[in-house]
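This report describes how the parts of a two-chain model are arranged and where they touch. The sequence and the structure come first, and the text follows.

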Amino acid sequence: MRRLIVAATAALTVLGGAASAQESIKIGYIDPLSGGGASVGEGGLKTFQYLADELNAKGGILGHKVEIVPLDNKTNPQESLVQAQKAVDAGVHYITQGNGSSVGAALEDFVTKHNSRNPGKEVLYFNYAAVDPSMTNEKCSYWHFRWDANSDIKMEALTNYMKGQPSIKKVYLINMDYSFGQSVRAAARKMLGEKRSDIQVVGDELHPMLKVTDFSPYIAKIKAAGADTVVTGNWGQDFALLLKAAADAGLKVNWYTYYAGGAGGPTAIKQTGLENQVFQISEGVPNSGNKAAMDFEKDFRAKTGISVWYPRAVNEMRMFKAAAEKANSIDPVKVAAALEGMKFDVFDGGEGFMRKDDHQFFQPIYISSFGSLADKAKEPFDEENTGWGWHIVSKIDTAQTMLPTTCNMKRP
Amino acid sequence: MAELIVISTLNGVLFGMLLFLLSSGLTVIFSMMGVLNFAHASFYMLGAFFGYQLTRWIGFWPALVIAPLLVGVVGMGVERYGLRNTHKHGHVAELLLTFGLAFAIEEIVSMIWGKSPVDYRVPAVLDFPAFTVFSTNYPAYKIFMLVVSVVIFIALLVTLKRTRVGLIVQAALTHPSMVGHLGHNVGRVFMLVFGVGSALAGLAGVIAGPSLVTQSDMAAYLGPILFVVIVFGGLGSLPGAFIASLLIGLIQTFAVALNGSLASVFGPLDPSLGPSPLTDIWNVTIAQIAPILPYLLLVLVLIFRPMGLLGTRES
């Protein structure tokens, strides 16, 4: 009997060893799963889980299964650090985050410090949406990689488009009161001033982040200022509720936005009745005309019930696989080295690359407007069952999105 | 400017009336029973989620009646099986019980309905602009909220001050044994009062849910400001809560509408000083500090008039 137990134990140990050789790659997803940011955070989680399933169906990354570990940070930098430590303690070597540059900056600092103190246990931070420019400029880190165009790049493209719209005379800026919102307002003021000095900035508002439940007072102010155009970097509930209040009050202006496509946004735009007056800048559009992307979109919607808000997350995960295969290793240090300067064919077509100097990914970006879809065969995707969808009004090629960086990268 | 004033006043009154609807239940419970109910905002959240669920099953109008009743039943249960047992240990025990309850309700709600917002919409009958001032529309639903709040205020005031029921309820607070000797069941009176207070919070939830955001942390957003309202108005005073709600609603909306900062009054700082925490303070606008103004008010009221605007007691 005893011998049997010993044998069984030995067998189990061997099996256990075999299992750990094929250990899964855990990706710590640190984003809001409760609170004001939860609607977008849960969408992001579904996206990453879908992408992990996609990779696993094709054998994972170098034979390792990819596993997403959801960690709720309540859009709070302090809480994010607790979650990041928790993830690291659980054996996570890759973390990904997107919602809130306040959180992003904290995580960037966390990985930098952690990696310098724990050589051999490095952690990489894959950023899919925190776009404060400072993260790839003065605060840049070797261990951070960003797949979303930073706020300045987006504003550059947006203002280039606005330059050609003579009807814009009075612009109102409304943004969330934290690093990202502040960088949007600063860039908008500077770039609009340079490109169209005749445009008047009639208001410049910062409101508390993810705390406002009724935007009516802000809408009253926009109206009183006589604005014809609003520029906003608001996301998640802060965008949806802003537009909802605008719809209720009957505010008729053009909206130039970063994140109109997120949860609740399209429904609120439809309510305003502002057809083709709400613009969004993004690295992908559901009705892009790219066959592979549109097939992906169809399957994604069927399985998750949401749209592909984050084509950049698709790029991130696929490029992660490509980099690991190039390095022939899932060791974060080797993957990081492989990612530097790597070229990649992006989700909606065209080539992007991860700039070595600052770890900012450059890719074609699109300005699209939201309205009814004329040709259902060419533009099959509407949003949130509104019957309206995004169509491209302008495409900016990778080369035109390049902005200089002040990053002084410290390499290990 | 006239436009901004008129519209901000309207917005302020609308928000103020919602605050009143919420604080009325809290203040009724406090004035009758002396219990500061920390879980009040959680009952409001329960009301919103019950309202959402019942609207899906049987429509908005039945939900408007049934959801507050359900919340009232939950409230009575809490009083009967929770507060009544802790009552003998004093107010601190009661306070702690409601405090814990608030967390428990939040967790239960997020377990059942998830943590992200649910799709709770304004009923189609009320989804139209009621009137237009200065080319700004006012949604009929907000006017509906206003009307409900006013009706509740009047009904409560009349019941408490002019009816026999109100008389017994008030007497039960100050002279419980006397009321008991007169043949009234004091325990049941307290239970009913707590139930009515909770039901009022539930009602506020049902009608505020579609207008604001129905999600599991909505209690945490509104909870703190409720205490500002009832402390400011005077603990336990219904007219005080009414005035305080309106004032806080107006202060918050007008603060958002104002752009003034120290820099705009005294001119920008000398650039040679460079960026520092001082420049941040110098340039911050009233609009940016709007969310903390009510709490500032709370502190000032506690220092200079601890009984609040119309309060009668010193605690």
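## Helix packing, sheets and interfaces

H2(A) and H11(A) cross in a right-handed manner; a crossing counts as right-handed if the near helix is turned clockwise from the far one by less than a right angle, and as left-handed if anticlockwise. The model is predicted: local features need pLDDT of at least 70 and side-chain atom pairs count only at pLDDT 80 or more, while totals for chains, interfaces and linings use all residues. Residues are numbered from 1 along each chain as its sequence is written, and chains are lettered from A and ligands numbered from 1 in the order in which they are written.

Helices (H or I, at least four residues) and strands (E, at least two) are DSSP runs numbered from the N terminus. Two packed helices are described by the angle between their axes and the distance between the axes. Axes are lines fitted to C-alpha atoms, for helices over the stretch in contact, and angles run from 0 to 180 degrees between N-to-C directions. The table lists two helix pairs.

| Helix pair | Angle | Axis distance |
|---|---|---|
| H2(A) and H11(A) | about 35° | 10 Å |
| H9(B) and H14(B) | about 35° | 9 Å |

In the chain A pair, Thr47(A), Phe48(A), Leu51(A) and Leu55(A) of H2(A) meet Ala313(A), Val314(A), Met317(A) and Lys321(A) of H11(A). Contact here means that the C-beta atoms of two residues, placed from the backbone, lie within 7 Å. The residues of this contact comprise six nonpolar, one polar and one charged. In this classification Ala, Val, Leu, Ile, Met, Phe, Trp, Tyr, Cys and Pro are nonpolar, Asp, Glu, Lys and Arg are charged, and the others, Gly among them, are polar.

In the chain B pair, the crossing of H9(B) and H14(B) is left-handed. H9(B) contributes Ile225(B), Val228(B), Val231(B) and Phe232(B), which meet Pro294(B), Tyr295(B), Leu297(B), Leu298(B), Val301(B) and Leu302(B) of H14(B). That contact has ten nonpolar residues, with no polar and no charged ones.

An unreviewed UniProt entry places the feature "transmembrane region" at several stretches of chain B, including residues 58-78 and 189-212. UniProt positions are given in the numbering used here, feature names are shortened, and annotations may be inferred rather than shown by experiment. In the model, residues 58-78 of chain B are 95% helix and 0% strand, with the end C-alpha atoms 27 Å apart. For residues 189-212 of chain B the values are 83% helix and 0% strand, and the end C-alpha atoms are 34 Å apart.

Chain A is divided into domain 1 (9-149 + 292-362) and domain 2 (152-282), with bounds from an automatic or database domain assignment. The C-alpha centres of the two domains are 30 Å apart. Between them, 15 residues of domain 1 are in contact with 16 residues of domain 2. On the domain 1 side, H2 (38-57) and H4 (101-117) of chain A each supply at least two residues. That side consists of six nonpolar, eight polar and one charged residues.

Chain A also contains an open sheet of seven strands, in the order S7-S6-S8-S9-S10-S14-S15, with mixed pairing. Two strands pair if DSSP finds at least two bridges between them. S7 (200-207) and S15 (388-396) of chain A are the edge strands, each pairing on one side only. The average twist from one strand to the next is 20°. Eight bridges join S14(A) to S15(A) in the antiparallel sense, and Ile367(A) lies opposite Ser394(A) in S15(A). Helix H5 (residues 151-163) of chain A packs on this sheet, touching S9, S10, S14 and S15 of chain A, and its direction makes about 60° with that of S14(A).

The two chains also meet: 25 residues of chain A are in contact with 26 residues of chain B. H2, S7, H7 and H8 of chain A each give two or more residues to the chain A side. H7(A) provides the largest share of that side, seven residues. By class, the chain A side has ten nonpolar, seven polar and eight charged residues.
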